[in-house]
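Trainee: Could you walk me through reading helix packing in a model like this one? Let's get it on screen.

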Amino acid sequence: MKYVHMNKYFLSKIKENRTVLTNFSYLTLLQIFTLLGPLITYPYLVRTIGLHLYGIVIFAQVLVSYISLIVDFGFNSIGAKEIASNRDNPNVISEIVSSVQLNKLIIWIICFIIYLIVVWFVPFFKDYKFVYISSFFITFNELLFPVWFFQGIEKMKYTTYINIFVKLMFILLIFIAVKDESDYIYIPLLNSLGALVAGLFSFYVIINKEKIRLCWIPLSKLIYYFKESVSLFISVLSVRLYLNINKLVVGSCLGMSEVAIYDLGEKIATTMKIPIGMIGQATFPKISRERNIRYINRLMYIVVGLAILGYMVLFLFTPFIVKLFTGDNSADAIAIVRILGLSGIFAAGNYFLGGNRLIPLGHKNEYMKVMILNCLFYFFLLIILYIGDFLNLYSISAVTVTVEIFNTLSLIRWNKRLNILHN
């Protein structure tokens, strides 16, 4: 009888979380392809165009990632939350989609004009101007691909199908188009093409499959969604600054070849963070609707456990992985992977202490304060390293881990203050 009751209990839990499990399955498939893409092309591109040129391509992509962040402006989080709360009202959903997309388009146009002026007239960009300009259009992914919409309606299958198709196309075209060092320019062009195709496909799905109609939005509504997104934008910007700016620091202070080495270490270390993002995205709508702290904590313990297990595996196999992708046992790459991998353990907890707790529970301003503090702490450490002439691949990697630990402590403090750490 005991086993019968246990089976009924597990079956009821599966039924209760069927949508979450379905979306998690699609996200798992997507993340596998997202992981494999860069790992498949990295060794080929490094051997074909060299570390220096590959570092320049990565450097341009990091710059453009900040443009994408500005275009997002927090609309992804607020859009997913609003749609999850109004999923039974098609008129409201149409208004949300139209408002978010129009806001993004306005910001995108402004960013393009400013970016073009900077790249054209600043001497730093003159030698590889075309790489930087063509890389800008990777922002089509942020402008046109509404992952927040699919997340809000809890139909991540669309995101998975579209992205897998585009990534497979990109990988195939890379091997066809990039044959020698002079073909490096095709990399940002193909990335931009993939972003455009994915965006157009997604809009076809939204309009024809989900029957969402784009409509003209009054200025008051645009301003409303803009204001609602400001604190989230500041929060995400603060996070991205201390997570992604390292490559810019490495490229500016150490060299483009070092950017390629650091990028490899970051790509490999990021693999252990993939389950965190998948679980987080799949459960965000449910958390927004139910606001169940016990459920959030249960998820947090699961992802932290997965992260610890993942780091143990990563630490053990790091030399083999680095040799597989670089062709030698680079001591720098091995050390960087192991250092950056530690950040994944703390990032796992932070995901469910911050973005998947404070935001859906209505504390986005508090989340913003924590992220700003983290960013200031990051720059404080960076300045100390610069003044003391300690900037190198090892110290920059260690800063990332230190900031994640600081972030964990700050989030726990705020969760206790708001009485949302436990039921």
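Trainee: Which residues in α15 are buried?

Mentor: Buried means under 20% relative accessible area, exposed is over 50%, and partly exposed is in between, with a 1.4 Å probe and protein chains only. In α15, the buried set includes Glu-366, Tyr-367, Met-368, Tyr-378, Leu-381, Leu-382 and Leu-385. This is a predicted model, so local features need pLDDT of at least 70 and side-chain atom pairs count only at pLDDT 80 or more, while totals for chains, interfaces and linings use all residues. Residues are numbered from 1 along each chain as its sequence is written, and side-chain values use heavy atoms, with hydrogens and water left out.

Trainee: What span does α15 reach from its first C-alpha to its last?

Mentor: Helices are DSSP runs of H or I with at least four residues, strands are E runs of at least two, and both are numbered from the N terminus. The expected span is 1.5 Å times one less than the number of residues. With 24 residues, α15 reaches 35 Å, close to the expected 34 Å. Just after α15, Asp-389 has a positive phi of about 55 degrees.

Trainee: How do the axes of α15 and α16 cross?

Mentor: Axes are lines fitted to C-alpha atoms, for helices over the stretch in contact, and angles run from 0 to 180 degrees between N-to-C directions. Here α15 (residues 364-387) and α16 (residues 393-417) have axes that come within 9 Å and cross at roughly 150 degrees. That makes the two roughly antiparallel, since the cut-offs are under 35 degrees for roughly parallel, over 145 for roughly antiparallel, 65 to 115 for roughly perpendicular, and oblique for the rest.

Trainee: Which residues meet there?

Mentor: Contact means heavy atoms within 4.5 Å. On the α15 side, Phe-377 and Leu-381 are among them, and on the α16 side, Phe-406 and Trp-414 are included.

Trainee: What about α11 and α14, how do their axes cross?

Mentor: Their axes come within 8 Å and cross at roughly 40 degrees, so α11 and α14 are oblique to each other. Among the residues making this contact are Ile-261 and Tyr-262 of α11, with Ile-336 and Leu-340 of α14.

Trainee: And Leu-306, where does that lie?

Mentor: Leu-306 lies in helix α13 (residues 293-326) and is partly exposed, at 39% relative accessible area. Leaving out residues up to four places away in sequence, Leu-306 touches Pro-275 and Ile-279.

Trainee: How many helices does the protein chain have?

Mentor: The chain has 16 helices and zero strands, and buried residues make up 53% of its 423 residues.
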